[in-house]
Amino acid sequence: MAIFDGLLGNAAQVDLPAVKREYAQILAPQENIERAYKLIRDMFIFTDKRLILVDKQGITGKKTEYHSIPYKSISHYSVETAGHFDLDAELCLYISNSTLPIKKTFNKSVNIYEVQSVLSQYILK
């Protein structure tokens, strides 16, 4: 089911120690990873300083784009919870000076309220 969820664009929470080892080189000194979610090969990582979107490109996924979004740049966000027929939740991030939101879909195994809480913790500082 995880492969099917990934093909549909759904995200699932991943093992933090593995993420910390893999992405240690892109972290600033004293920056800590709080949560990480994976979409097939792509990932988005919540740190205590910023949101990092990881976009694996190409057939092999060796080419990678890292998109760093400081929390202060997020002007607002919206969360749509899963329903009876729509089993996925959606998070939309609105970045300053951008008209289109960044949308991420979460499957039912991820607690969207937890994601919202982590995001709120850093945006509201």
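A salt bridge is a side-chain nitrogen of Lys or Arg within 4 Å of a carboxyl oxygen of Asp or Glu. Welcome to this predicted model, where a search of the whole structure turns up three salt bridges.

**The overall picture**

- The protein has three helices and eight strands.
- Read from the N terminus, its elements follow the order α-β-α-β-β-β-β-β-β-β-α.
- Of its 125 residues, 34% count as buried.
- The accessible surface comes to about 7800 Å², and carbon and sulfur atoms account for 54% of that.
- Among contacts between residues at least 6 apart in sequence, 36% join residues at least 24 apart.

**Glu22 and Lys56**

- Glu22 and Lys56 form a salt bridge, with their closest N and O atoms 3.9 Å apart.
- Because Glu22 sits in helix H2 (residues 16-22) and Lys56 in strand S4 (residues 50-57), this pair ties together parts that are 34 residues apart in sequence.
- Glu22 is partly exposed, at a relative accessible area of 44%.

**Arg50 and Glu31**

- Another salt bridge joins the side chains of Arg50 and Glu31, at 2.7 Å from N to O.
- Here too, distant parts of the chain are linked: Arg50 belongs to strand S4, while Glu31 is in the loop between H2 and strand S2 (33-39), 19 residues apart.
- Both Arg50 and Glu31 are buried.

**Glu114 and Arg35**

- Glu114 pairs with Arg35 in a salt bridge whose closest N and O atoms are 2.5 Å apart.
- Glu114 lies in helix H3 (residues 112-123) and Arg35 in strand S2, so the pair ties together parts that are 79 residues apart in sequence.
- Glu114 is partly exposed, with a relative accessible area of 26%, and Arg35 also counts as partly exposed, at 23% relative accessibility.

- Asp48 is found in the loop between strand S3 (42-47) and S4.
- Leaving aside residues up to four places away in sequence, Asp48 touches several others, among them Glu31, Asn32, Tyr71 and Tyr122. Glu31 in that list is also the salt-bridge partner of Arg50.

Notes. Residues numbered from 1 in each chain as written. Predicted model: local features only at pLDDT ≥ 70, side-chain atom pairs only at ≥ 80, totals over all residues. Heavy atoms only, no water. Helix = DSSP H or I, 4+ residues; strand = E, 2+ residues; numbered from the N terminus. Buried < 20%, exposed > 50% of the residue type's maximum accessible area, 1.4 Å probe, protein only. Contact = heavy atoms within 4.5 Å. Areas by Shrake-Rupley, 256 points an atom, 1.4 Å probe, with all protein chains shown as cover.
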